[in-house]
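Hi,

Here is the structure I promised to pass on. Have a look at it first, and then read my notes below.

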Amino acid sequence: MPDKQRQTVTILYEHDQLPGYDRDSAYAIARQLEDCGYLVRFLGVEVFAALKNVFSYAGYLLIIPSAETMPLELITPLRNYLERGGRALFLGGPLFYDNIRKTEKGYEKLPMPEAPKNSMYIDATFIPGVPRLVIEGVTPSYKNYTVDYDGPLTSSEGQHIWDGELAAAPRRVQCPSARPRGDGYRKDRRHRYIPIADAGEKGAAAFIMLNGLRGQPRMEGYSHAERPGFVKNTCFGGAVGGIGLSAAELMAADGGGELFKAMVGTLLRGVYLFEAGTTEYRVRCGKKVTLGARVLNTTLYFEETSLRFTIRGEGYERIFERDLLAAPYNLTPLEFPLGEELAYGNYTATTELLYKGEVIDSIVQEFAFDAPLCPQPDEFLRVEGEYFMLGGKRWTAKGMNYWPHFYPSFENDDYWCGWLDSSFYSPRDLELDLRRMKSFGINLLLTRIDGYEHSRISDSLRDFLARCRAHGMKVMLAYPNAQAPADYCDAAFRQLVYENGLQNDPTIAAWDIAWEIGPHYGGMRQLWRDDWVAWLEDRYGSIEAAEESWGCGIDRTVDGLIRDPGNIFDSDGPERVKAMAYRRFLETLADRHWSYAVRAMRKIDPNHLYTYRQSSLSKLDIAFLGTNRHTDFVCPEGYHIANSEEGYAGACFSTEALRHISGQPVLWAEFGYSPCGKMWTRVYWDHDNRTFLPGEEDYQTEYMGRINRMLIDSHADGAAPWWWCGGFRLAELADFGYMGPDGTPRKCLREYAETLAILGRDEHPAHDVIITIDPEASPKGIYGACMEEGARLWSEARADGNYPGVVLRGEDYTSDTCPNEAVGGGIWTNDCPHRWLEGAIDFVSLSGCSIEYIDGDTIEIEPGCRRLILSAQAGNNGAASWTDGVRIVSDFGSLSLPAGSEVRRNGTVTFTGTLEIPEGADRIKLRLETSGGVKFGSSFTLLLEHK
């Protein structure tokens with residue numbers, strides 16, 4: 001690029017004084033640049049906004065010296081300038097935070113308008129009618145945060161832009177939310193973040209953000225940057241810088257001018273590494289290393305550069321140099337194989353970019369050549385009774401829901417790609433988080449795979465697990481779109497596990513197979529209409545018989561079609577029996593889905609535990625009673641817990657009840673409070689002070705403190721609040737963070753650490769009194785039993801100095817002694833669902849055959865076959881225990897339990913027997929039955945096909 005063009009800088013200015021604009025500092029900046037030989041032009045805000053070809057007139061670098069004073073009228077022209085290829089350097093900020101507009105009196109800072117529902121807009125870009133502009137690290141305000149910092153600003157490690165220090169002084173610093181720093185090659189990065197001056201570990205007081213979206217050159221400029229499926233930010237080849245100090249502070253600081261001029265020179269030169277290193281963070285056995293880099297050229301001309309790659313490991317060093325002609329306004333790639341297989345161990349790949357013989361940029365990447373994992377059995381987390389066990393000792397889950405500290409600031413399209421996506425995964429930021437979390441006593445991270453293209457997440461996932469392993473942390477991993485039992489995809493789970501060797505990785509504590517699914521079975525009732533009809537006909541004999549048992553009619557559409565009963569769990573009215581029947585149906589449906597999916601998953605990965613986060617206890621909830629025999633521990637959420645003594649007592653009672661109902665450990669998998677608003681709907685914000693409304697953070701601490709007390713007093717086996725990372729989250733209009741975006745622990749985190757030091761210290765206590773609950777006492781089910789009546793009973797017992805235990809009504813019955821009552825107390829016949837007896841046949845297998853046939857499957861039998869030797873696995877989902885008088889019956893014989901059997905609730909057992917098949921039979925229909933001839937559970941049908 002000709003030197004004259006490289007030396008031209010435009011400073012945005014307004015003669016009609018902008019509120020808060022510092023003219024003297026703008027002139028001081030101009031003098032600094034002129035002294036260095038730069039050609040400096042001033043351009044008024046109104047002139048800038050009126051230009052038709054703003055890029056050609058304003059040039060290649062625009063400096064905004066008082067970003068916090070810029071009016072909203074600047075948004076559209078600034079977007080046009082950046083999308084045409086312009087670069088910008090912002091001082092101060094935050095940009096477009098305040099409602100600054102041109103009025104008849106000139107530019108004014110107007111009050112923020114009143115938002116719906118008495119909420120407030122977090123910044124002026126949320127005001128209806130304001131054009132949307134997204135510049136990573138700059139605007140909207142959730143892309144950055146303000147910190148109070150009184151230490152020196154020091155040069156960020158690894159950058160070649162500025163080497164110096166700004167002396168300590170109390171100041172408010174505007175810092176950007178971090179992004180990946182370019183380590184790793186072929187990662188399809190969206191951005192590269194280059195910190196230049198650090199405010200300790202709180203963030204970067206000066207930075208450059210590179211943008212990697214594509215654009216095509218045109219005669220009059222550059223096209224808008226677009227890539228299908230992604231939010232459009234600045235253009236391909238875009239680069240913006242920010243210094244989070246006011247211009248006056250920067251110019252007054254010793255060395256501030258040098259920092260400013262170094263950033264201006266870098267932005268005008270316009271050549272950077274965008275990403276560099278190896279294609280994998282975790283190179284697997286048998287694979288060779290590929291090295292590569294992409295160079296970003298933000299100028300109009302080809303640039304001659306060189307790349308130097310240095311690979312270092314223990315006793316190993318190799319250096320490679322390559323020339324690269326960087327294309328204008330483009331990302332130019334270069335890659336090559338290392339050419340040899342490395343020894344197992346840890347390595348670094350350092351990539352340096354040379355321009356005119358000088359190193360102007362570098363990226364250091366850590367990678368490892370991993371040996372296959374060969375864990376011992378005691379390295380995997382296990383469950384023994386009501387306890388977690390690890391290495392033969394009791395283990396308590398001291399957890400946290402984890403997403404990286406910068407993640408809340410993502411745009412929605414990026415957010416839902418998932419943080420493990422190769423575009424967003426950042427090992428350096430992960431290490432910072434892991435170190436911080438470990439210091440607070442956290443030993444378990446709960447997180448989720450949101451990206452479903454395995455090639456984009458596998459390397460990140462392996463690296464994440466390896467880094468957690470190095471810090472002594474376990475991971476509870478969710479892959480809900482593949483593992484959710486109602487829609488389980490065996491091929492997807494199998495591929496993810498086997499391609500990455502996850503079945504052999506003891507870092508994984510458990511699979512979290514269904515994300516907040518409990519109430520969804522009740523909430524998605526319209527999906528189960530056909531199943532509801534089939535269940536009624538199977539369990540009552542007919543729709544008419546069901547209506548007679550209930551004492552009320554079935555629900556139908558205006559066209560006469562049977563539909564779900566609607567919000568039938570809300571009240572205890574005349575449709576109570578129908579409500580109980582519908583809840584039993586949903587429990588049966590969940591049992592069927594979990595039975596198939598979890599058995600299939602355990603065949604792929606038999607080494608890890610299986611659970612799911614149940615969501616909050618709810619009247620719609622059914623899965624606690626329908627799924628426990630298939631999973632290893634219980635994971636309720638706690639958002640339903642009120643910040644009151646009644647809420648605390650109900651939650652304590654819930655821990656004890658769920659532990660008894662399941663016979664398993666209880667880990668509270670999610671709970672929290674957002675001080676900045678009600679999730680999804682409204683925002684509460686102290687706009688002037690850029691923080692939560694007064695008292696909101698104190699309320700968060702109080703609320704979390706009550707839950708902490710519940711965890712200890714009810715002897716929970718683990719906890720994991722929602723969530724680690726603080727900052728306004730656009731995806732949910734909330735901030736549930738325990739750690740502030742600047743790395744400062746919020747009070748709720750410090751108190752949680754104190755709780756973790758106590759949690760699990762004592763054994764589960766002996767029970768002084770026993771409280772009996774009945775989920776069928778009202779249509780509210782487990783929720784009503786625990787959070788209403790249970791709260792009162794818990795408080796009374798503890799006030800008397802007693803620790804209560806919980807049992808289910810009917811669990812002292814057996815299949816021989818339980819009274820014959822219909823579900824919900826309806827009219828009993830032997831063709832309606834039993835209140836105390838419930839069970840399910842999971843699968844049937846033939847003697848000598850490993851195939852597991854499920855309900856509706858077809859068995860091929862040899863011609864003339866008249867006898868089938870069968871075994872059938874079935875589980876007890878009811879309150880009453882089964883004696884050995886329970887059998888599986890059909891028209892052709894029965895299958896029996898072993899003599900002396902007792903199968904308690906959640907137990908699974910195998911029945912065996914021989915069926916005599918008459919000629920011409922085309923199906924076998926099986927049903928559970930007591931010794932007294934009482935039928936219970938759903939029928940199980942196998943079709944017969946004669947070869």
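To start you off: which side chain does E335 meet in a salt bridge? The partner is R186, at 2.6 Å from N to O. Keep in mind as you read that this is a predicted model.

E335 has a relative accessibility of 42%, so it counts as partly exposed.

**Other salt bridges**

R629 pairs with D842, with the closest N and O atoms 2.5 Å apart. Here R629 lies in the loop between α17 (623-627) and β32 (635-637) and D842 in strand β37, which puts them 213 residues apart. R629 is buried at 11% relative accessible area, and D842 is buried too, at 5%.

The other one joins R659 and D717, at 3.6 Å from N to O. R659 belongs to helix α18 (residues 645-662) and D717 to the loop between α19 (696-713) and β34 (718-719), so this bridge ties together parts 58 residues apart in sequence. R659 counts as buried because its relative accessibility is 1%, and D717 is buried at 2%.

There is also a network of salt bridges linking R539, R584, D774, E776, R809, E821, R835 and E838.

**Nonpolar cores**

The largest nonpolar core has 171 residues, and those with the most contacts inside it are M70, L78, F90, F464, W511 and W550. Helix α16 gives the most to this core, with 15 residues. If you zoom in on W550, you'll find it touching W532, L536, Y540, V577, K578 and A581, leaving aside residues up to four places away in sequence. A second, separate core has 47 residues, including A199, A253, L296 and L331.

Two or more lining residues come from each of α14 (529-540), α16 (576-604), β37 (839-846) and β46 (935-946). Helix α16 turns up again here, giving the most to the lining with nine residues. By type, the lining divides into 12 nonpolar, five polar and nine charged residues.

Cheers

Notes: Residues numbered from 1 in each chain as written. Predicted model: local features only at pLDDT ≥ 70, side-chain atom pairs only at ≥ 80, totals over all residues. Heavy atoms only, no water. Helix = DSSP H or I, 4+ residues; strand = E, 2+ residues; numbered from the N terminus. Nonpolar A, V, L, I, M, F, W, Y, C, P; charged D, E, K, R; others polar. Core = buried A, V, L, I, M, F, W, Y, C linked by side-chain atoms within 4.5 Å. Buried < 20%, exposed > 50% of the residue type's maximum accessible area, 1.4 Å probe, protein only. Contact = heavy atoms within 4.5 Å. Salt bridge = Lys/Arg side-chain N within 4 Å of Asp/Glu carboxyl O.
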